[in-house]
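Hi there,

Here is the structure I promised to pass on to you. Have a look at it first, and then read on for a short tour of what turned up.

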Amino acid sequence: MPLPRVLQHLRLPIIGAPLFIISNPRLVVEQCKAGIVGAMPALNARPAEQLDEWLAEITETLAAYDRANPDQPAAPFAINQIVHKSNDRLEHDMQVCAKYKVPIIISSLGARTDINDAVHGWGGVVLHDIINNFFARKAIEKGADGLIAVAAGAGGHAGVKSPFALVQEIREWFDGPLALSGAIATGGAVLAAQAMGADFAYIGSAFIATDEARASEAYKQAIVECNSDDIVYSSLFTGVHGNYLKPSIRAAGLDPDNLPESDPSKMNFGGDAKKAWKDIWGCGQGIGAVHGVGPAAEMVARLRAEYTAARERLALRG
């Protein structure tokens with residue numbers, strides 16, 4: 001199956017993962033200008049009315065960039081929608097997305113036919129993130145155009161499946177758009193994701209350590225200084241299992257090696273969850289490749305150089 005037109009002309013096969021609290025218009029715009037899909041959660045705009053302002057800023061800035069650079073236009077952007085009953089803003093935020101005809105919607109924590117139909121109604125594409133093959137099938141049955149396979153090692157809400165197993169199982173029945181998430185922070189890992197059968201790499205944690213990211217300097221430095229040994233997998237903070245930085249858990253007075261489990265029925269992505277995520281830093285296992293804080297454009301340039309070098313190495317060995 002050919003990729004949707006909106007995803008066919010990226011300069012690098014990467015989707016920047018929407019980072020709760022951290023992603024903002026500045027980061028999204030710089031990712032798109034660098035040739036990868038930039039994304040942010042709708043819930044990052046608070047109060048809800050700010051989402052209209054942010055989408056106006058993104059669309060107007062990218063349109064101006066495209067006029068100035070007709071031979072190398074910006075990549076499309078995406079907005080993440082939490083499709084869970086705790087998200088009481090979903091209807092409002094979808095109406096704002098419809099107003100701006102957001103090209104890509106990334107849906108999470110619930111697949112809904114009405115949401116997919118609404119996006120298709122304005123000409124958008126829906127990518128749904130999943131942690132296993134069962135949920136992948138459900139998402140496609142309900143009308144999602146593509147999938148984001150969130151494998152072991154991904155930041156934030158992550159699954160436990162090996163990326164090899166997850167992509168393999170999905171590709172046995174689905175030939176549509178597929179992105180892979182899970183400890184991807186180098187150009188070589190991007191190429192590896194494609195070799196496994198994914199169309200795109202889905203990268204989040206590495207972009208926390210960028211100038212544009214709305215994260216504290218302590219958070220950014222932790223990304224630089226820590227590695228996979230400093231990541232803990234827990235459901236305590238939102239009711240859904242995810243990966244977090246141990247130093248932030250210790251700073252909150254908790255023992256990262258002895259965390260209690262949370263009640264899944266108490267999942268919450270409102271104000272309380274925002275406070276928890278602000279104090280407890282989500283992060284994936286790929287951060288050992290991040291060695292400094294700098295502009296997002298420089299990070300994409302590094303990924304592009306590594307990706308090109310990895311392809312050349314394989315060609316020489318072939």
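H157 stands opposite G242 in strand β11. Please keep in mind as you read that this is a predicted model. The pairing of H157 belongs to a link between β7 and β11 (residues 242–245), which run antiparallel and are joined by two bridges. These strands are part of an open sheet of three, in the order β7-β11-β10, with antiparallel pairing. Which strands stand at the edges? They are β7 (156–157) and β10 (231–234); each has a single partner strand, so one side of each is left without a neighbour in the sheet. As a reminder from class, strands of a sheet pair through backbone hydrogen bonds, and they can do so in a parallel or an antiparallel way.

Strand β11 turns up again when you look at helix α8 (residues 217–225). In that helix, Y219, K220, A222, I223 and V224 are buried, and β11 is among the elements that cover them.

Next, find strand β9 (residues 200–203), where both faces are covered. F200 and Y202 are buried on one side, and A201 and I203 are buried on the other.

What does β9 pair with? One partner is β1 (residues 14–16), which runs parallel to β9 and is joined to it by three bridges. If you want to spot this pairing on screen, look for G16, whose bridge partner in β9 is I203. Another partner is β8, which also pairs with β9 in the parallel sense, over three bridges. Here the residue to look for is A179, with F200 as its bridge partner in β9. Together, β8, α7 and β9 make a right-handed β-α-β unit.

While you are in β8, click on S181, which is found in this strand. Is S181 buried or exposed? Its relative accessible area is 8%, and buried means under 20%, so S181 counts as buried. Apart from residues up to four places away in sequence, S181 touches A149, V150, A151, A154 and Y202. Y202 is one of the buried residues of β9.

P41 has N80 as its bridge partner in β3. Between these strands, the chain crosses from β2 through α2 to β3, and this β-α-β crossover is right-handed.

In helix α2 (residues 50–68) you can pick out L51, which is buried with a relative accessible area of 0%. Leaving out neighbours within four places in sequence, L51 is in contact with M40, A42, A45, R89, D93 and V96. For a sense of scale, L51 and K85 are 34 residues apart along the chain, and their C-alpha atoms are separated by 20 Å.

**The cysteines**

How many disulfides are there? The count comes to zero. C32 is in no disulfide, as the nearest cysteine sulfur, that of C97, is 14 Å away. C32 is buried, with a relative accessible area of 0%. For C283, the closest cysteine sulfur is in C226, at 7.5 Å, which is too far for a bond. C283 also counts as buried, at 0% relative accessibility.

Enjoy exploring, and write back with any questions!

Best wishes

Terms used: Residues are numbered from 1 along each chain as its sequence is written. This is a predicted model: local features need pLDDT of at least 70, side-chain atom pairs count only at pLDDT 80 or more; totals for chains, interfaces and linings use all residues. Side-chain values use heavy atoms; hydrogens and water are left out. Buried means under 20% relative accessible area, exposed over 50%, partly exposed in between (1.4 Å probe, protein chains only). Helices (H or I, at least four residues) and strands (E, at least two) are DSSP runs, numbered from the N terminus. Two strands pair if DSSP finds at least two bridges between them. A crossover is right-handed if, with the strands pointing away from the viewer, the path from the first strand over the helix to the second runs clockwise. A disulfide is a pair of cysteine sulfur atoms within 2.5 Å. Contact means heavy atoms within 4.5 Å.
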